[in-house]
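Here is a short briefing to keep beside you while you turn the structure around. Take a look first, and then we can walk through it together.

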Amino acid sequence: MEQQIKDIISACDLAIQNEDFDTLMTYYTEDAILVVKPGMIARGKEEIKKAFIKIANYFNHRIVPTQGEMIMLEAGDTVLVLSQTLLDSDKKNSEYAMERRATYVFKKNAQGEWLCAIDNSYGTDLIGV
């Protein structure tokens, strides 16, 4: 399971970098949520795709996400991923941290595929915002 999730996250990072948002959406559940920024959540694949397009624009179409250390906690068909997420971009004056401690939740679907249900690159930094 752990390698499967790492491979999915790597594929998502590559899809974000390449702005291949149709491929990216194949890794999300239909009812997934994405924390776009503190106080703003995209719900469902359509909103998430639109949010990623806006994120690409914000970072001048040059954003390279990568993952550092990861811890995975599995309970049945659900996995909580705690990850050091690193963002590289040409944008010099972002008001958002480029190194984050992300939290992701993956669910296994009926076909046995792991899909992202909650994508929160801000992790616990949302507390107190």
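The notes below go from the sheet to the helices, the pocket and the salt bridges.

Please keep in mind that this is a predicted model. Its 6 strands form an open sheet with mixed pairing, in the order β2-β1-β6-β5-β4-β3. The largest pocket holds about 610 Å³ of space, and α3 gives the largest share of its lining.

**The sheet**
- If you trace the strand order β2-β1-β6-β5-β4-β3, you will find β2 and β3 at the edges, each pairing on one side only.
- On average, neighbouring strands of this sheet are turned by 25° against each other, direction ignored.
- As a reminder, strands of a sheet pair through backbone hydrogen bonds, in either a parallel or an antiparallel way.
- An antiparallel pairing joins β3 and β4 over 11 bridges; within it, P65 has L87 of β4 as its bridge partner.

**The β1-β2 hairpin**
- β1 and β2 run antiparallel and are joined by 4 bridges.
- Opposite I33 you will see R43 in β2.
- Between the strands of this hairpin there are 2 residues, and G39 takes a positive phi near 90°.

**Helices on the sheet**
- α1 lies across β3, β4, β5 and β6, and its direction is at about 155° to β3.
- α3 also packs on the sheet, where it touches β1, β2 and β6. The direction of α3 makes about 35° with that of β1.

**The largest pocket**
- Which residues lie nearest the centre of the largest pocket? They are L34, V35, V36, F52 and I55, out of 34 lining residues.
- Elements that give two or more residues to this lining are the helices α1 (2-17) and α3 (44-58), together with the strands β1 (28-37), β2 (40-43), β3 (63-75), β4 (78-89), β5 (99-108) and β6 (114-120).
- α3 contributes 6 residues, the largest share of the lining.
- Sorted by class, the lining has 24 nonpolar, 7 charged and 3 polar residues.

**Salt bridges**
- How many salt bridges does a search of the whole structure find? It finds 6.
- In general, side chains of opposite charge can pair when their charged atoms come close.

Definitions and conventions: Residues numbered from 1 in each chain as written. Predicted model: local features only at pLDDT ≥ 70, side-chain atom pairs only at ≥ 80, totals over all residues. Heavy atoms only, no water. 1 Å grid on protein atoms, 1.4 Å probe; cavity = no way out; pocket = protein on both sides within 12 Å on 5 of 7 lines; lining within 4 Å. Points joined across faces, edges and corners; volume = space filled by probe spheres on them. Nonpolar A, V, L, I, M, F, W, Y, C, P; charged D, E, K, R; others polar. Pairing = 2+ DSSP bridges. Axes fitted to C-alpha atoms, helices over the stretch in contact; angles between N-to-C directions. Contact = heavy atoms within 4.5 Å. Salt bridge = Lys/Arg side-chain N within 4 Å of Asp/Glu carboxyl O.
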